[in-house]
Amino acid sequence: GSDVRKADIARSRYAADLAATNLRSARDRIETSTRQTVLEEQAARKRLALASRTLEIRSKQLVATRARLALGNAIVLEVLEVDDSIRRAKLRVTRARVDVLLASIARANLTGELLLRHARLMRNVQQRAALRAAPLPVVF
């Protein structure tokens with residue numbers, strides 16, 4: 001009897017140690033993933049700021065190039081090239097915005113914030129639906 005009991009205790013301790021190790025490992029993976037996602041979000045925000053600044057500069061450059069064209073100091077091709085650079089800059093801004101949103105969603109998902117947002121949204125939707133379904137009081 002006591003040997004069986006000792007074996008059961010040993011198995012239980014082993015299972016508890018294994019569970020603790022697995023928990024630490026999962027916690028470490030989540031922490032690493034969250035840190036990486038936060039860094040990606042920060043980088044995306046920096047790319048957005050830089051892309052926005054580039055677009056701003058290119059827009060000023062277009063105004064200047066058009067003015068030079070009006071004065072005869074530039075050719076139409078220069079205006080077209082600057083216009084094309086503005087189009088590319090707008091695309092970079094849009095891509096950077098998407099990157100920021102994706103990174104923000106990933107971070108919110110990892111931290112549980114996304115689930116909380118969803119719960120609040122659902123609560124608000126349910127409250128609005130209940131208000132629409134409630135009968136209006138009749139006033140004479």
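These legends describe close-up views of one predicted model.

Residues are numbered from 1 along each chain as its sequence is written, and side-chain values use heavy atoms, with hydrogens and water left out. The model is predicted: local features need pLDDT of at least 70, side-chain atom pairs count only at pLDDT 80 or more, and totals for chains, interfaces and linings use all residues.

**View 1. Confidence across the model.** The mean pLDDT of the protein is 93. Here pLDDT is the predictor's confidence in each residue, from 0 to 100. A value of 70 or more is reached by 99% of the residues. Among the elements, helix 2 has the highest mean pLDDT, 96. Helix 3 has the lowest, 89. Helices (H or I, at least four residues) and strands (E, at least two) are DSSP runs, numbered from the N terminus.

**View 2. Helix 1 and its end.** Helix 1 has 70 residues and covers 103 Å from first C-alpha to last. That is close to the 104 Å expected at 1.5 Å a residue. The expected span is 1.5 Å times one less than the number of residues in the helix.

**View 3. Helix 2 and its end.** Helix 2 has 36 residues. From its first C-alpha to its last it reaches 52 Å, close to the expected 52 Å. Gly112 follows helix 2. The phi of Gly112 is positive, near 90 degrees.

**View 4. The buried side of helix 1.** The buried residues of helix 1 are Thr34, Thr37, Glu41, Ala44, Ala51, Leu55, Leu62 and Thr65. Buried means under 20% relative accessible area, exposed over 50%, and partly exposed in between (1.4 Å probe, protein chains only). The buried residues of helix 1 pack against helix 2.

**View 5. The largest nonpolar core.** Eight residues make up this core: Ala51, Leu55, Leu62, Val79, Val82, Ile86, Ala89 and Val93. Helix 1 (2-71) and helix 2 (76-111) each supply at least two of its residues. Helix 2 gives the most, with five. A nonpolar core is a set of buried Ala, Val, Leu, Ile, Met, Phe, Trp, Tyr and Cys residues joined through side-chain atoms within 4.5 Å. One member, Val82, is in contact (heavy atoms within 4.5 Å) with Arg58, Gln61, Leu62 and Thr65, leaving aside neighbours within four places in sequence.

**View 6. Thr34.** Thr34 lies in helix 1. Thr34 is buried, at 17% relative accessible area. A polar atom of the Thr34 side chain lies 2.8 Å from the backbone oxygen of Ile30. Not counting residues up to four places away in sequence, Thr34 touches Leu110 and Thr111.

**View 7. Asp8 and Arg11.** The side chains of Asp8 and Arg11 meet in a salt bridge, 2.3 Å from N to O. A salt bridge is a side-chain nitrogen of Lys or Arg within 4 Å of a carboxyl oxygen of Asp or Glu. The structure holds 13 salt bridges. Asp8 and Arg11 are three residues apart in helix 1, so about one helical turn separates them. Asp8 is partly exposed, at 37% relative accessibility. Arg11 is exposed, at 51%.

**View 8. Asp84 and Arg87.** Arg87 forms a salt bridge with Asp84. Their closest N and O atoms are 2.9 Å apart. Both residues sit in helix 2, three residues apart, so they are separated by about one helical turn. Arg87 is partly exposed, at 45% relative accessibility. Asp84 is partly exposed too, with a relative accessible area of 30%.

**View 9. Arg45 beside Glu41.** Arg45 is found in helix 1. Arg45 is partly exposed, at 45% relative accessibility. Its side chain makes a polar contact with the side chain of Glu41, at 2.9 Å. A polar contact is a pair of N or O atoms within 3.5 Å; within protein, one must be able to donate a hydrogen and the other to accept it, and residues adjacent in sequence count only if both atoms are side-chain atoms. Arg45 and Ala96 are 51 residues apart in sequence, yet 7.4 Å apart in space, C-alpha to C-alpha.

View 10. The side chains of Arg117 and Glu113 meet in a salt bridge, 2.7 Å from N to O. Both lie in helix 3 (residues 113-133), four residues apart, about one turn of the helix. Arg117 is partly exposed, at 34% relative accessible area. Glu113 is partly exposed, at 28%. Salt bridges that share partners join Glu41, Arg45, Arg107, Glu113 and Arg117 into one network.
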